[in-house]
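Grab a pencil and work through these exercises with the structure open beside you. Try each task yourself before you read its solution.

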Amino acid sequence: MKYATTFRTFAFPEALIEQLPQLTEQFGEEATDGLLTVNTIACGWDDSEHTRLRALRFPETASLTDLTDGRKSYTALWSLRLLEAFEAGVLADIQELTSEELQALLPVYEEASV
C-alpha cells in the first residue's frame with residue numbers, strides 16, 4: 001500500500017496551500033476516485049471494512065479546514081512519500097496536529113439568534 005493506514009492531521013500555512021499541486025506532483029501516488037485513477041497525496045477509506053482507498057483531490061473532492069491562526073488543516077491517509085519527506089524535515093512548514101491541538105485551533109461559531 002502506498003498510503004498510510006492511520007489518519008493524521010496536518011496544518012498547512014497559506015503559502016503552502018497554493019503549492020498543493022506541486023506537492024501532489026512530487027509526493028503523490030496513484031489512487032482511484034470512482035472510475036478515475038488520479039495522482040494524489042491524500043486518501044480516505046471508500047468502504048466500511050477499510051479495504052479500499054478513495055483518492056482525495058484538493059480542492060475538487062477535499063476541503064481544507066480553516067484554523068484560527070490562519071493556517072488550514074486536513075486529516076487523511078497520506079501518501080507514504082509525503083510522510084517520508086515530512087519526517088525527514090523536507091516539509092518543515094507543515095505541522096502535524098494532535099486531536100487536542102486541532103480542537104484548540106478550530107473556530108468557534110456563535111449560534112445566531114432568530
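Two strands count as paired if DSSP finds at least two bridges between them. Keep that in mind for Exercise 1, and remember that you're looking at a predicted model.

**Exercise 1. Work out how strands S2 and S3 are arranged, and find the residue opposite threonine 32.**

Step 1: Find the two strands. S2 covers residues 29-33 and S3 covers residues 36-40.

Step 2: Check the pairing. Five bridges join S2 to S3, and the cut-off is at least two, so they count as a pair. The two strands run antiparallel.

Step 3: Look at the link. S2 and S3 make a hairpin with two residues between them, and glycine 34 in the turn has a positive phi of about 70°.

Step 4: Look across from threonine 32. Opposite it stands threonine 37 in S3.

**Exercise 2. Decide whether threonine 37 is buried or exposed, and list its contacts beyond its sequence neighbours.**

Step 1: Get the relative accessible area, which is 53% for threonine 37.

Step 2: Compare that with the cut-off. Exposed means over 50%, so threonine 37 is exposed.

Step 3: Leave aside neighbours within four places in sequence. Threonine 37 is then in contact with Glu30, Ala31 and Thr32.

Step 4: The C-alpha atoms of threonine 37 and proline 59 are 16 Å apart, with the two residues 22 apart along the chain.

**Exercise 3. Describe the largest nonpolar core and say which elements build it.**

Step 1: Start with the size. This core has 22 residues, and Phe12, Phe58, Trp78 and Leu91 have the most contacts inside it.

Step 2: Name the elements that give two or more residues: strands S1 and S7, plus helices H1, H2 and H3. The largest share, four residues, comes from H3.

Step 3: Zoom in on phenylalanine 12. Skipping neighbours within four places in sequence, its contacts include Ile17, Leu20, Leu64, Trp78 and Ile94.

Step 4: Spot the other core. Apart from the largest one lies a core of seven residues, among them Ala31, Val38, Ala55 and Leu77.

How values were computed
Residues are numbered from 1 along each chain as its sequence is written. This is a predicted model: local features need pLDDT of at least 70, side-chain atom pairs count only at pLDDT 80 or more; totals for chains, interfaces and linings use all residues. Side-chain values use heavy atoms; hydrogens and water are left out. A nonpolar core is a set of buried Ala, Val, Leu, Ile, Met, Phe, Trp, Tyr and Cys residues joined through side-chain atoms within 4.5 Å. Buried means under 20% relative accessible area, exposed over 50%, partly exposed in between (1.4 Å probe, protein chains only). Contact means heavy atoms within 4.5 Å.
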